[in-house]
Structures are given as C-alpha cells and as structure tokens.
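Take a look at the structure below. Keep it in view as you read this short briefing.

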Amino acid sequence: MCLVEVEKAPKLAPACATSVMEGNVVHVHSPKARDARQGVLEMLLINHPLDCPICDQAGECELQDYTFQEGRADSRYQEPKRFNPVEDFGGDVLYVANRCILCTRCVRYMDTVADEAVLCVSERGDRAVISKFEGEDLTHAWAGNVVDLCPVGALLSKDFLNKARAWELDRAASVCPNCTQGCNSVLEVRDNTVVRMKPRSNDAVNQFYLCDPGRLDYRWLNRADRAEQPMVRSHGALAPVDWEAAIAQAASLLKGNAVHVLASPMLSNEALFLLGQLVKAQGGSGAFTVMTGPEAPLSGVPDLALRAERAANVRGAELLGFAKGGNPLAGLTTDKVLIVADHDVSHLDATALKAKAVIVIGTTLPTALSHADVVLPIANMAEEEGTFTNLRGRVQRYFQAKAAPGLARPAWFVLSDLVAAAGGAPARYAPGEVFGALAASHAHFAGMNWEGLGLSGALPAGGAA
Amino acid sequence: MAITVKVLERPIEEASYLRATLGGMARTFKHMVNPHKVTVQYPEMRDPVSPRWRGTHRMLTTETGAAKCVACGLCPTVCPANCIKLVPGEDAKGNRYPLVFEIDEFRCIFCGYCQEVCPEEAIHLGRHYENAEYSRAGFVYDLERLTAQTHPVSQLWDPTDPAGE
C-alpha cells in the first residue's frame with residue numbers, strides 16, 4: 001500500500017521498509033506508483049465485504065481511507081466473496097473474519113509485545129484466517145490493543161459494538177484514571193456520555209497501548225446518581241442553596257476548627273494542593289486509601305503495567321501531604337471538622353464518620369454521609385481540566401471531555417473559593433493559575449508551567465523520582 | 001404667474017374603454033362555451049404530483065416486514081436540518097438495526113439527502129402532501145409510523161436523466 005517510485009531504482013519500493021539514501025529522488029504520486037497501489041488495493045478488496053454501513057470501523061478505517069483516496073471506483077471481481085463466520089476471540093475482542101485483510105498486525109503484537117502468542121494465521125492461500133491456538137483465549141490484560149491495531153473492522157471491541165459511529169464522537173485528550181501508571185488516553189464522548197476510551201501515544205509512558213481493565217472502566221464517568229446542587233443543613237435537613245451561601249456556610253463551620261481531610265486519590269493535583277493548604281491553615285490531618293488489584297505488565301514495553309494501585313493520583317496525593325493506607329480515619333476526633341473530598345467511604349465504618357461538622361466535597365453523596373452539614377458538588381475527571389502525577393512523578397494534563405451535571409463545579413474551583421472564604425489565598429479562576437501557585441510552592445512541581453506540560457506531561461527537574 | 005396645464009387631446013380609439021370591455025366580454029363568453037378548467041375539486045379530485053415530489057418519509061421493509069435500515073448513521077450525519085434521531089442496536093442474530101429511528105417532520109426541509117445517502121435504500125421521501133396532525137408530537141414520526149406508511153416513494157433527480165424519463 002505504500003509503494004513509491006524511486007529514481008534509478010529498478011522497481012517500485014515499499015516506502016515503509018526502504019531506508020533513505022543520499023541523492024534519492026522519490027515520486028509518491030507518479031502514475032506508475034499510483035497504478036501499483038491501486039492494484040494492491042484491488043487485491044485487498046477482492047474478499048473484503050462492502051458492509052461499511054454496518055461496520056464499526058467505518059470512519060476510522062485505513063482501508064476505507066485508502067480506497068477513498070486512490071482506489072478504483074468499481075470492482076471487476078465477479079466471483080462470490082469468501083465467507084467465514086464471526087468468532088468470539090475472548091476478552092473484549094470479536095473477530096469478523098470476512099473483513100480481515102491478513103496484515104497479521106494482531107498476531108505480531110500478541111507475539112512480540114504482549115509476549116503471549118495466542119493468535120496465528122491458520123489455513124493457507126485464500127482460505128487463510130486469523131485464529132487462536134487450541135485452548136487459548138485473548139484474555140491477556142493488554143489484548144484489547146489488537147482492536148486499535150486492526151486497520152480494518154476485523155477485530156472489534158465487544159464493548160463498543162454498534163454503540164456509536166466514529167464520526168459522531170467528540171474527543172478529548174485525557175489520562176487514564178484507573179491506575180497509577182497514568183497512560184495517556186483519549187476520551188470519546190457522544191451526547192455528553194463517554195462511550196469509549198482509547199490510548200493516546202506517549203513514548204515516555206505507554207507508547208501506543210492501553211490495558212483492557214483501564215480502557216473498559218469508563219462507565220463511572222457517566223454515573224447518573226450525582227450530587228448536582230450545593231446543599232446546606234437547615235432545620236435538620238439538607239436544603240439546596242446557591243454556591244455563595246454553601247461556601248460561606250462551609251467557611252463558617254471551618255472557622256477556628258482543625259480539620260481531618262479524606263482526599264480521593266482520583267482528585268487532580270490542583271484540588272489536592274488546595275486541600276493541603278486548607279489543612280495547613282486550619283491545622284489537622286489528611287489521609288486516603290486506595291483500591292488495589294493484581295499488577296499486569298506489558299512485557300514488550302519497558303516500565304509499562306497495569307499497576308496494583310487503582311487510582312490516577314496516588315503519587316500526587318502523597319506528595320501533597322496526604323497519608324496513604326492504614327486507617328484513614330485515624331486522625332479524626334470529634335472536635336475536628338471532617339472534609340470528605342470525593343473519597344470512597346463504602347468500605348469505611350459509617351459510625352466512625354462522626355465529627356464536629358461534616359463537609360462533603362464530592363461527585364456523589366453516599367448514604368453513609370447523609371448526615372453531612374454542607375454538600376459541595378464537584379465535577380469528575382472527565383468534566384474538568386487538571387493534572388495527575390503518575391507513579392514515576394510525571395505530571396500530565398487531562399482535558400475536559402463532557403459537561404458537568406447540574407451546578408457541579410470543578411474541584412479546584414470549589415476549593416479555591418473555600419480557601420479564600422476561610423481567609424486564605426484569594427480565589428483563582430483557572431486551573432492553570434492554581435497549578436502556577438502549586439509550582440511556586442512545591443519542589444516536585446518547581447519549574448513546571450501549565451502550557452509547558454503540553455500533551456505529554458513533564459518530569460520534575462531532578463528527573464524521574 | 002399662473003401655472004398652465006397642458007391637456008393633451010387623445011384620439012377617441014385610445015381614450016375609449018369600449019374596445020377593451022368588448023375584448024374582455026369576448027373572452028368570458030369564449031370560456032362559457034369552451035371551458036378551460038383550473039380549479040380542482042379537492043379532496044374529491046387531486047392533481048397528480050411529480051415523480052420527484054419530496055414529501056413525508058417512508059421506511060421500506062424487507063420481505064419479513066422489518067425495516068431495511070441497518071442503523072449506519074449516514075442519514076443523521078448528512079441531514080442539514082438535524083431532524084433524524086438514530087440509536088443503533090443489535091438484534092438476537094447479531095445484526096445491526098435501529099433501536100430508535102425518529103424523523104421530526106417539522107424540522108425536515110425535504111432535501112432528500114437522506115434518501116440519496118442511504119446505502120440500503122431504506123429511508124425514502126414520499127409522494128405525499130397531506131400531513132395534518134392534531135398535535136405537534138404527531139409530527140415526530142417513529143420507526144413504526146415510517147414503516148406503516150404506504151404512499152408511493154419519491155424518485156430522486158438523476159443527473160444522467162435530468163428530465164426523469
């Protein structure tokens with residue numbers, strides 16, 4: 001598909017596998033090169049069905065693009081096309097053999113990158129198909145990448161099947177929030193609903209890959225039972241109020257009291273920094289726990305794995321002064337104000353969540369916290385801009401992909417208002433401003449700036465920690 | 001100085017309206033004996049519409065009665081008025097089909113792009129113009145209504161056959 005004409009060369013050369021030499025003159029669009037590519041394309045299309053309307057790959061299909069760019073307008077092939085049934089490859093992968101052009105990218109990926117040879121080409125000639133070795137299944141934690149690698153619609157994600165068309169999706173550069181690795185990702189949104197997460201290339205972190213547990217765990221970003229209004233307890237019950245009143249009430253509860261903060265390791269560096277400032281100003285403590293699971297490395301890429309700690313900003317939370325593990329309620333006494341900043345309380349003892357006052361800054365209001373005095377609804381990571389710090393200390397930006405529900409505001413916005421109302425630094429109105437203050441005050445972030453982080457992030461000045 | 005108005009003397013054959021009146025009466029009497037009818041006694045009588053008439057939609061069905069639509073999403077993409085709502089799904093046999101297919105006939109500008117773009121020849125505009133409804137909601141045609149309509153479908157303009165012959 002990449003044949004080009006090179007002057008003084010005896011025949012056309014495949015551009016992808018030919019090294020450039022001194023004095024080369026290459027003609028990409030010469031009639032000879034075009035004819036050759038058109039011929040190759042015609043051969044590829046001999047057995048490829050004309051089912052783009054029902055194919056999930058349509059719109060992001062390399063074969064479709066090439067055919068549109070320089071393929072024949074019609075087919076000269078009269079004979080019936082090859083037919084093979086659809087096969088379930090296990091994991092998240094569905095194999096539609098009819099669409100396969102046998103490029104063997106999936107076979108080579110499983111063989112050399114995942115280091116678990118599951119796929120092979122079986123049969124020969126025009127009967128050749130991709131199949132699994134006897135007794136094997138595509139259950140490797142990183143097997144889902146074959147769907148992205150497939151240039152046509154032969155390998156499809158079962159999760160995404162028939163859900164949306166590629167051209168309807170709005171895309172935002174993001175960072176996978178599901179473990180401390182911090183793989184760069186793209187959130188694809190349709191009708192304000194995240195429908196797919198795909199890898200985004202970053203040579204320093206995840207190259208081109210994203211693990212299955214990571215890419216499939218996006219549904220919590222769409223959950224419907226969200227906290228949508230700021231609420232304040234009055235006459236024994238929580239009543240909706242406007243933001244100014246809720247912030248003022250929270251600030252008055254904080255006045256003169258020490259705090260204990262339960263901070264979610266899913267919060268951005270900016271939010272954690274402001275929470276840390278609050279702890280510093282009021283006196284008190286901050287802690288968090290993190291969900292864990294089995295670690296699953298991708299052997300073909302150095303230092304890439306689905307990490308055991310399943311939250312994006314564990315490292316950031318530690319750097320910004322929050323204690324990890326143990327009993328997160330250890331520092332809590334009944335003369336302190338408890339601030340629960342989106343931290344998961346489902347595994348904590350609900351009776352221990354007693355304090356002088358309880359302020360919930362969260363995406364949801366769990367029943368264990370229904371005794372809260374103030375509820376400040378915040379956006380989740382798909383609905384705000386921010387940065388995460390991955391386990392190697394790399395600070396990476398993620399961008400807003402969808403709108404927040406109701407009156408919910410980004411965590412950094414709410415917290416900067418709260419810090420200001422409690423007598424701290426004046427409110428800041430952009431995540432970049434908060435990050436600037438963070439960079440000015442913390443050694444790990446020193447020298448970094450919001451724009452400079454770009455799409456691939458930055459390591460601290462001293463190198464990887 | 002007084003203003004003087006010049007009054008032109010016109011010849012009698014121009015100034016008289018007798019000739020024009022007679023001409024008009026002649027036409028009237030001609031129509032009495034040899035009528036050229038324009039008025040159609042609607043709704044008992046109807047004028048035929050052009051084969052390229054673009055009216056409210058129809059969804060064609062397969063032999064089994066199911067809609068031909070495979071939910072490819074091209075018609076909502078091409079629709080300039082954004083009046084087609086489509087949610088794709090999968091049936092028991094693993095075939096792609098529309099869970100929801102709605103056309104808002106109020107928003108529709110009857111351009112015919114949806115019919116032109118449809119790879120399955122499923123959605124068509126109809127040669128039909130009687131669209132009155134008792135409620136606004138009635139103008140959002142769902143899949144059931146689109147498949148149940150029986151009026152003839154539009155034949156789109158074909159550049160190789162501009163006269164439609």
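The model is a predicted one. Chain A is assigned domain 1 (3-70), domain 2 (80-167) and domain 3 (231-453). Chain A also meets chain B: 8 residues of chain A are in contact with 12 residues of chain B.

**Contacts between chains and domains**

- On the side of chain A that touches chain B, 5 residues are nonpolar, 1 is polar and 2 are charged.
- Within chain A, the centres of domain 2 and domain 3 are 41 Å apart, taken over C-alpha atoms.
- These two domains still touch: 6 residues of domain 2 of chain A are in contact with 6 residues of domain 3 of chain A.
- The domain 2 side of that contact holds 4 nonpolar residues, 1 polar residue and 1 charged residue.

**Nonpolar cores**

- The largest nonpolar core contains 110 residues.
- A263(A), L275(A) and I359(A) have the most contacts inside this core.
- Domain 2 (80-167) and domain 3 (231-453) of chain A each supply at least three residues to this core.
- Another core lies apart from it and has 20 residues, including C69(B), V70(B), C72(B) and L74(B).
- Leaving out residues up to four places away in sequence, L275(A) touches V261(A), A263(A), G286(A), A341(A) and L415(A).

**Helix 7 of chain A**

- L275(A) is one of the buried residues of helix 7 of chain A.
- Others among them are N269(A), E270(A), F273(A) and Q282(A).
- How many of the 14 residues of helix 7 of chain A are buried? The count is 12, so the helix is largely enclosed by the rest of the structure.
- Helix 7 covers residues 269-282 of chain A, and at 1.5 Å a residue its 14 residues should span 20 Å. Its end C-alpha atoms are 20 Å apart, which agrees with that expectation.
- After helix 7 of chain A comes G283(A), which has a positive phi near 85 degrees.

**A buried cysteine, C100(A)**

- C100(A) sits in the loop between strand 5 (93-96) and helix 3 (105-113) of chain A.
- Is C100(A) buried or exposed? C100(A) counts as buried because it has 23 C-beta neighbours inside 10 Å, and the cut-off for buried is 20 or more.
- C100(A) touches V129(A), I130(A), V152(A) and A154(A), not counting residues up to four places away in sequence.
- C100(A) and N47(A) are 53 residues apart in sequence, yet their C-alpha atoms are 8.6 Å apart in space.

- Most residues other than glycine have a negative phi, and most peptide bonds are trans.
- Q207(A) is not a glycine, but its phi is positive, about 50 degrees.
- Q207(A) belongs to the loop between strand 11 (193-199) and helix 5 (212-216) of chain A.
- Q207(A) counts as partly exposed because it has 18 C-beta neighbours inside 10 Å.
- E121(B) is not a glycine either, and has a positive phi of about 50 degrees.
- E121(B) is in the loop between helix 4 (113-117) and strand 4 (123-126) of chain B.
- With 10 other C-beta atoms within 10 Å, E121(B) is exposed.
- Which residues does a cis peptide bond join? The bond links Y42(B) and P43(B), with omega about 5 degrees.
- P43(B) is found in the loop between helix 2 (18-33) and strand 1 (55-59) of chain B.

How values were computed: Residues are numbered from 1 along each chain as its sequence is written. Chains are lettered from A and ligands numbered from 1 in the order in which they are written. This is a predicted model: local features need pLDDT of at least 70, side-chain atom pairs count only at pLDDT 80 or more; totals for chains, interfaces and linings use all residues. Two residues are in contact if their C-beta atoms, placed from the backbone, lie within 7 Å. Ala, Val, Leu, Ile, Met, Phe, Trp, Tyr, Cys and Pro count as nonpolar, Asp, Glu, Lys and Arg as charged, and the others, Gly among them, as polar. A nonpolar core is a set of buried Ala, Val, Leu, Ile, Met, Phe, Trp, Tyr and Cys residues joined through C-beta atoms within 7 Å. Domain bounds come from an automatic or database domain assignment. Helices (H or I, at least four residues) and strands (E, at least two) are DSSP runs, numbered from the N terminus. The expected span of a helix is 1.5 Å times one less than its number of residues.
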